[in-house]
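Good morning, colleagues. Please look at the structure on the screen while I go through its strands, its domains and the contacts between its chains.

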Amino acid sequence: MILLAALARLGAWTLGLLAGIGRFAAFTLGALSHGLRPPFHGREMALALLQIGWLSLPVVGLTALFTGGALALQIYAGGNRFGAEAVVPQIVAIGMVRELGPVLVGLMIAARVTSSIAAELATMKVTEQIDALVTLSTDPTKYLVLPRLLAGTVSVPVLVGIGDIIGILGGWAVATQTLGFVSTPYLRNTINFLEPLDIVSSLTKGAVFGFLAALMGCWFGLNSGRGAMGVGRATKGAVVAAAVAILAANLALTKVFFAA
Amino acid sequence: MIELRQLAKSFGPNRVLAGIDLDVPRGESLVIIGGSGTGKSVLLKCILGLVQPDSGIIRLDGQDVTRLPRDAFLGRFGMLFQGGALFDSLPVWQNVAFRHLKDGMPRAEAKARAIETLARVGLPARTADLYPAELSGGMQKRAALARAIAAQPEVIFFDEPTAGLDPIMAGVINQLIREAVTQLGATAVTITHDMTTVRTVADRVALLHDGLLRWVGPASELDRSGDPYVDQFIHGRPDGPIAPLR
């Protein structure tokens, strides 16, 4: 009897999980399919680009700048143990472009944008604004979700590219100001060392991370519970899910691009 | 105009609507009364398709609403939500002109029409460029009412239109609803437990309790209905067939 009850609970949990995965997949595909069907909400798209892309620039820039500088110090100190201090420009470049740039930008976007999207949409749901949209013959997925997904996918790679450059410049500033490197050779070594695949992988990761960050914000926001607690839970869930999804996607993409 | 037949809806074990039969003729102002949590809002949301009923039929002008094109169907309705549900991110005039803008009306013309509609509900033109958060509760309700009537819908739903308002502002909103319905010639369904609203806007009244309509009749008959549910409700008595939640 106890075994049957446990099996029933496991079955119910599994069914619930599969149903949840199905709903999430249907939501994602449904949102993307709106991208092929008019009408398109250009104003919402422009606002989403502004919110996700332009207004994230300061936090992305500062994160990349400090990380690039710290990376240069770490590589110099670590390389010093076996006489390899000279590789600072190359390792800063490869570290920022391949890994730290996209991941840190992705995580900052998860913190800044995913939370904002989830809280905004959850509040709209709680205050019946989503229902109001429907009564005004407007599909919330097309009006609210698609612009955010497109803006995330388009603007985050740009942020990653800018973050990569600022991170490298952060490393350059620290290396030339405090570690005794000469500016021109440092920059030449950086540029010569990077390959097109490094940049392609960085920007691709940015696009995938931006999509995931926006998707999690929209999914959790539109599926929030009631009241302030519902909004809080949706926001927390969205940020955690986005961060985990970004880190998992990073591993998968790194394997795709760089596995021997 | 609106026909409901055996409309039922449950949320888990909680049976909210247990087979509602109701007809709302064109041009009538029907008020549905009932205690909190009796499914009044769910009833309206089922008609609009915001909540999927478990069973039953909803017809608009004799046609099953599930077979009507969704946009065209919703285009015939306006709704005033309990909390207003104005879009925070848009200024008031864009809220009011939302449907016009969606349908491609030039922005200048849509704004002019929005200002006209705001004036009809007693809001000055200067409120058009404000955001909903910059308005008082009563002004938000008026702006939401303006949005509900802006496209001159055939049917308007009012969900607890006076909830949270002081008695004077509630009276103003009731009057505006009555005027809007009379001037537009619209069919109106209002849900409320405010008896002042009932007496101001209703042509006919329906009492919803325990998932069923216990009494439906003209507003003029409300005080002499002889129905124990209605008597208890309109007099606010704690004792009677409606068990209060304590």
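I begin with one pair of residues: Ser10(B) has Arg15(B) as its bridge partner in β2(B). Before going further, I note that this is a predicted model, in which local features need pLDDT of at least 70, side-chain atom pairs count only at pLDDT 80 or more, and totals for chains, interfaces and linings use all residues. Residues are numbered from 1 along each chain as its sequence is written, while chains are lettered from A and ligands numbered from 1 in the order in which they are written.

Strands here are DSSP runs of E with at least two residues, helices are runs of H or I with at least four, and both are numbered from the N terminus. Two strands count as paired if DSSP finds at least two bridges between them. Leu4(B) stands opposite Leu22(B) in β2(B). The hairpin of β1(B) and β2(B) has two residues between the strands, and Gly12(B) there takes a positive phi near 60°.

Where does this hairpin sit in the sheet? In chain B, the order β2-β1-β4-β5 describes an open sheet of four strands with antiparallel pairing. Its edge strands are β2 and β5 (63–64) of chain B, each of which pairs on one side only.

I turn now to the domains, whose bounds come from an automatic or database domain assignment. In chain B, domain 1 comprises 27–52 + 60–76 + 153–241, and domain 2 comprises 88–149. Their C-alpha centres lie 24 Å apart. Nine residues of domain 1 of chain B and seven residues of domain 2 of chain B form the contact, where contact means that C-beta atoms, placed from the backbone, lie within 7 Å. On the domain 1 side, helix α7 (residues 167–184) of chain B gives the most, with five residues. That side divides into eight nonpolar residues, one polar and no charged. Ala, Val, Leu, Ile, Met, Phe, Trp, Tyr, Cys and Pro count as nonpolar, Asp, Glu, Lys and Arg as charged, and the others, Gly among them, as polar.

Chain A is assigned domain 1 (1–33) and domain 2 (41–258), with 31 Å between their C-alpha centres. Five residues of domain 1 of chain A are in contact with six of domain 2 of chain A.

Finally, between the chains, 10 residues of chain A are in contact with 14 residues of chain B. The chain A side holds three nonpolar, five polar and two charged residues.

Conventions: Contact = placed C-beta atoms within 7 Å.
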